[in-house]
Amino acid sequence: RRLKIFRANYCNLPRLPNEITYLFQLEQLEVSNNTIQELPKEMGRLINMITLDVSNNKLSSLPPSLALCLRLLTSNKLKLIGNPIQDGNLVMAYKTSGEALMEYLENLLTKFGGYPKYDPPPFISLRPLPTWNDTFQYEEKKNISQTHSRNNSLNQV
């Protein structure tokens, strides 16, 4: 979860797995020259992202949740060249500025129901993980109770 740079250029990737959106510390995502047709809808989780290079893929649009990636949109390090983007307004906003693109994506978010409410990642547990000391105490208690039960059964014979 602490990965900051992910590069998979020229890997013939048909898609990005949704799990990549749980890499909250990700700052650079470079997946150019693949065959990616769409980005995960939850890309807005990657709020620390500064660079996104998806050039020379098969993207026809961007997920509106990218509007939440303020660092990316203000850094002007979003690379879309070589994609068959269908939406002329998206292309115009992209060519104008990061702020124009952010405004365009925010309008899409509003149009499609507002800002997403993301579920917590599936691999995060709300219970603290046991420490070595906790495990040791459990084993010690288990051994003591087994010894007591053996002693009681010997006394009954």
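Me: Which residues does Leu66 touch, not counting residues up to four places away in sequence?

Reply: Contact here means heavy atoms within 4.5 Å. This is a predicted model, in which local features need pLDDT of at least 70, side-chain atom pairs count only at pLDDT 80 or more, and totals for chains, interfaces and linings use all residues. Residues are numbered from 1 along each chain as its sequence is written, and side-chain values use heavy atoms, with hydrogens and water left out. With residues up to four places away in sequence set aside, Leu66 touches Met43, Gly44, Met49, Leu52, Leu72, Leu73 and Leu105.

Me: Which residues touch the most other members of the largest nonpolar core?

Reply: A nonpolar core is a set of buried Ala, Val, Leu, Ile, Met, Phe, Trp, Tyr and Cys residues joined through side-chain atoms within 4.5 Å. Buried means under 20% relative accessible area, exposed over 50%, and partly exposed in between (1.4 Å probe, protein chains only). The largest such core has 32 residues, and those touching the most other members are Leu29, Leu39, Met49, Leu52 and Leu66.

Me: Which element gives the most residues to this core?

Reply: Helices (H or I, at least four residues) and strands (E, at least two) are DSSP runs, numbered from the N terminus. The elements that give two or more residues to the core are H1, H2 and H3. With six residues, the element that gives the most is H3.

Me: How far apart are the end C-alpha atoms of helix H3?

Reply: The expected span of a helix is 1.5 Å times one less than its number of residues. Helix H3 covers residues 98-111, so its 14 residues should span 20 Å. The model agrees, as the end C-alpha atoms of H3 are apart by 20 Å.

Me: What is the relative accessibility of Tyr10?

Reply: Tyr10 lies in the loop between strand E1 (5-7) and strand E2 (28-30). Its phi is near 55°, a positive value in a residue other than glycine. Tyr10 counts as exposed because its relative accessibility is 66%.
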